[in-house]
Structures are given as structure tokens and as C-alpha cells.
Amino acid sequence: MSDYTLYSDTELSGLFREGDDAAFKEIYLRYNKLLYLFALRRLEDQDEAMDVVQDVFVWLLNNREKVALNTSLSAYLYKSVLNKVLDIFRHQQTIRKYIAQGDHFIEVDSQETDYLIREKDIAEMIAREIESMPPRMREVYKMRHQQHLDTEVIAETLGISENTVIVQLQRGTKHLRKHLGTVVFILYLLNQ
């Protein structure tokens, strides 16, 4: 019997798609706790976080032949969990809005609408995290990533050294990665 802990994610996903249940078990053991912590940090509810992760794994198990990984296994799993978390946030927001307005609610079931709502949710999450940075870090980060200025121009404009600009940018990046999670942070970088 093979020791599945020695297999790479790529090898495990290939074996899993071919019907190897032991490969699925290893994927589950490898990512279950990490995905749970990722969901818990966003939802702040243990039961909801556990449900989200279980839903992702159940879907994965029931749809193994449909799973087409265009990215790494870990990125696929984190993105799946993030999408479920965003579904929960969107659902909660919709319910609050519906109750507040007292209007009749019409469900829009469209992949394009779903994508746009998720994109908007992620953009709002990123904007909130940028605004929560300390003032100087936020100022440097916005000048670099929103105004697309290079470090030399930022340093001259703010009257600080280029090294200080670089340190502030590194801290800003670390701040976003910490508060957004790896998957959202990567999506943010890809969309810049």
C-alpha cells in the first residue's frame, strides 16, 4: 500500500479523478483543518465554517469527474471555500436588505450576476482592508497601486527615503495577505 502523504497535490488530484478514494482521504486530511481555519477567520462561526468546508469536500467527492483544475489543488479548494463564504455573506446581506425594504424579492439566478456580485464583494473587502492600514502605509500603498507611481516618485512626493517607501509597501502587502487570506490576495494581485 502506498504512503499517500508522500504524493504531491498534482499526483493526488490525478489519482482522485481516476477514482482512488485513498487519494481523496489524503486530500481531505491535508486541507480540512486549513480550510476550516480559513473559513472561520471570515465567518467567525465554528458551525458555519465547518459546514462550508464539508460542503466543498462533499461536492468534490460527488463531482470528481467534473473537476477540472486550471490551478493548483490548494488554490482550487481555497477558492471554493471563499465562494461559499461569499455566498453566505451575500445571502445575509440580501435578507437584511429584503427585510429593510419590505419589497417583494425576485431571485436572479445567473452565472454572470453571481460572478459580478462576488467580484464586487471581493473589491469591497480589499478596499476595507486598504483603508484599515495605518495612514502612511495606506498613502504609500495607494500611490503605488492605484496611482501607479514608482518608488522614487513616491519618496520625492512624500519627502521620505526610497527605502522607507519599500518597507511601507512590503508591510502593506503583508497586511493585505494576512487580513484577506492567500486566495483573495492572489486574486487581487491578478486583477491589478
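The model is predicted: local features need pLDDT of at least 70, side-chain atom pairs count only at pLDDT 80 or more, and totals for chains, interfaces and linings use all residues. Residues are numbered from 1 along each chain as its sequence is written, and side-chain values use heavy atoms, with hydrogens and water left out.

Start with the overall build. The protein has nine helices and zero strands. Read from the N terminus, the elements run α-α-α-α-α-α-α-α-α. Helices (H or I, at least four residues) and strands (E, at least two) are DSSP runs, numbered from the N terminus. The protein holds 192 residues, and 34% of them are buried. Buried stands for under 20% relative accessible area, exposed for over 50%, and partly exposed for values in between (1.4 Å probe, protein chains only). Contacts come next. Of those with a separation of 6 or more, 59% join residues 24 or more positions apart. A contact here means heavy atoms within 4.5 Å. Accessible areas come from the Shrake-Rupley method with a 1.4 Å probe; for residues, only the protein chains shown count as cover.

Now the salt bridges. The structure holds six. A salt bridge is a side-chain nitrogen of Lys or Arg within 4 Å of a carboxyl oxygen of Asp or Glu. Take Arg30 and Asp9. They form a salt bridge whose closest N and O atoms are 2.7 Å apart. Arg30 lies in helix H2 and Asp9 in helix H1 (residues 9-17), so the pair ties together parts that are 21 residues apart in sequence. Arg30 is partly exposed, because its relative accessible area is 23%. Asp9 has 18% relative accessibility and therefore counts as buried. Glu26 also belongs here: Asp9, Glu26 and Arg30 are linked in a network of salt bridges.

Glu131 is the next stop. One of its partners is Lys142, with the closest N and O atoms of this salt bridge 2.5 Å apart. This pair links distant parts of the chain: Glu131 sits in helix H5 (residues 111-131) and Lys142 in helix H6, eleven residues apart. Glu131 also forms a salt bridge with Arg138, where the closest N and O atoms are 3.9 Å apart. How exposed are these residues? Glu131 is partly exposed at 42% relative accessible area. Arg138 is partly exposed at 22%. Lys142, at 23% relative accessibility, counts as partly exposed.

Other charges gather in surface patches. Patches are made of residues with over 30% relative accessible area and no salt bridge; like charges are joined within 9 Å, and nonpolar side chains (Val, Leu, Ile, Met, Phe, Trp, Tyr) within 5 Å. Lys and Arg count as positive and Asp and Glu as negative, while His and the chain ends are not counted. The place of a charge is taken as NZ of Lys, CZ of Arg, CG of Asp or CD of Glu.

Arg41, Arg171, Lys174, Arg177 and Lys178 form a positive patch on the surface. Helix H8 (residues 162-180) gives the largest share, four residues. Lys178 is found in helix H8. Its relative accessibility is 59%, so Lys178 counts as exposed. A negative surface patch consists of Asp45, Asp47, Asp51 and Asp55. Asp45 lies in the loop between H2 and H3. At 32% relative accessibility, Asp45 counts as partly exposed.

Glu44 sits in the loop between helix H2 (21-43) and H3. Its phi is positive, about 55°, although Glu44 is not a glycine. Glu44 counts as exposed, because its relative accessibility is 70%. His148 is placed in the loop between helix H6 (135-145) and helix H7 (151-158). Phi of His148 is near 60°, a positive value in a residue other than glycine. His148 counts as exposed at 59% relative accessibility.

Arg64 is found in the loop between helix H3 (46-62) and helix H4 (73-101). Is Arg64 buried or exposed? At 13% relative accessibility, Arg64 counts as buried. Leaving aside neighbours within four places in sequence, Arg64 is in contact with Phe16, Arg17, Gly19, Asp20 and Asp21.
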